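This briefing is meant for a reader who is new to the structure shown here. Please look over the sequence and the model before turning to the points that follow.

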Amino acid sequence: MEAAKQPAAVPRRAVAPQSAEKDSIGGKKPIHYPFWFGGSASSMAASVTHPLDLGKLKVRLQTRSGNMPKTMSGTFVHVVKMDGFRGLYSGLSASLLRQLTYSTARFGIYEELKQRSTGADGKPPSFAALVAMATVSGVVGGIAGNAADVLNVRMQHDASLPAADRRNYRHAVDGLARMAREEGLVSWFRGVWPNSMRAAAMTASQLASYDVFKRWLIQLTPMTDNLATHFTASFLAGAAAATVTSPIDVIKTRVMSAKGKSSIPKLLGEIYAAEGLRWVFKGWVPSFLRLGPHTICTFVFLETHRNIYRKVQGLETSV
């Protein structure tokens, strides 16, 4: 009797590794990344986009006086003419200090809360829950980074002041020390509440929207968890953040750059009397031109941190 034929073995199809970030969207437990990743990624982004933060006129436009240029390009040229290209990096040390305090706190707390709120089945939190967690994280981050933020605004605004009125901080540490010595430690918390409101709005509109945009792009389009998706989601998140934070940003900058004491209601009255309702979105375009590139760079660097971490830890998974 002829021996029964054995069925031919079917080769197993190889499937490319899939990141844990996409696994969390698809229903698997997300990876717990180091707390400092957000601060590191934001600092790297600040190093790239700092010239936009000054030359684009976010601070210069919102605090302009006299014959200062009224346009972005005019302000950019003015800075280069007066201070050279080095002037575009004025206050970089304060900007980096701000990211290492403010962004480390808000990203770290947000990611911790998000992971704790992820269900046992890996189902991610709802958009409303993400916004609530991001808001809390932003308030804490705003308080943690307030001193560096005051210093950042002052160092960027300094060059636009008359020589006699300039503070001339040499670097971030010198600025913090002089603020404490000349004005008391209370100066570190100047504008802390409008700053915390702005930080809450920023974090809610930036971090929560990025997660949701990324989730939608992966679930509803052919896009996968790659650079194109990160770029698109972060661009949309930057636009959302610029729209939400523009009015708060104007108030925060005016309060922090003021030399005397002025309450927020009084300041709002003065701004409205001088500029009408236009103040609400004054500087929106330069704000978006700063937030767009900064948000894109931040999340691209953050996803790079995550990719490297997964490879080093051997956490790439197959499905």
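The model is predicted: local features need pLDDT of at least 70 and side-chain atom pairs count only at pLDDT 80 or more, while totals for chains, interfaces and linings use all residues. Residues are numbered from 1 along each chain as its sequence is written, and side-chain values use heavy atoms, with hydrogens and water left out.

**Salt bridges**

- A salt bridge is taken as a side-chain nitrogen of Lys or Arg within 4 Å of a carboxyl oxygen of Asp or Glu, and by this rule the count comes to 11 salt bridges.
- Side chains of opposite charge can pair when their charged atoms come close.
- One of these pairs is Arg306 with Glu111, whose closest N and O atoms are 3.1 Å apart. Arg306 belongs to helix α12 and Glu111 to helix α5 (residues 92–117), so the pair ties together parts that are 195 residues apart in sequence. Helices here are DSSP runs (H or I, at least four residues), numbered from the N terminus.
- Arg306 is buried, at a relative accessible area of 3%, whereas Glu111 is partly exposed at 24%. Buried means under 20% relative accessible area, exposed over 50% and partly exposed in between, with a 1.4 Å probe and protein chains only.
- Asp211 forms a salt bridge with Lys114, and the closest N and O atoms are 2.9 Å apart. This pair links distant parts of the chain, with Asp211 in helix α9 and Lys114 in helix α5, 97 residues apart.
- Asp211 is buried, with 11% relative accessible area, and Lys114 is buried at 13%.
- A network of salt bridges links Glu111, Lys114, Asp211, Lys214, Asp225, Glu303 and Arg306.
- Asp174 and Arg170 also form a salt bridge, with closest N and O atoms 3.6 Å apart. Asp174 is buried at 9% relative accessibility, while Arg170 is exposed at 66%.

**Helix α12**

- The 30 residues of α12 should span 44 Å at 1.5 Å a residue, and the end C-alpha atoms are 42 Å apart, which agrees. The expected span is 1.5 Å times one less than the number of residues in the helix.
- Pro293 lies in this helix, which covers residues 284–313, and is partly exposed with a relative accessible area of 28%.
- Pro293 and Phe231 are 62 residues apart in sequence, and their C-alpha atoms are 9.9 Å apart in space.
- Gly314 follows α12 and has a positive phi, near 65°.

**A nonpolar surface patch**

- Val139, Ile143, Phe189 and Trp193 make a nonpolar surface patch of about 400 Å². Residues in such patches have over 30% relative accessible area and no salt bridge, with nonpolar side chains (Val, Leu, Ile, Met, Phe, Trp, Tyr) joined within 5 Å and like charges within 9 Å.
- Trp193 is found in helix α9 (residues 192–220) and is exposed, with a relative accessible area of 58%.

**Surroundings of Arg178**

- Arg178 lies in helix α8 (residues 172–183) and counts as buried at 17% relative accessibility.
- Apart from neighbours within four places in sequence, Arg178 is in contact with Arg167, Asn168, Tyr169 and Glu183. Contact means heavy atoms within 4.5 Å.

Definitions and conventions: Helix = DSSP H or I, 4+ residues; strand = E, 2+ residues; numbered from the N terminus. Areas by Shrake-Rupley, 256 points an atom, 1.4 Å probe, with all protein chains shown as cover.
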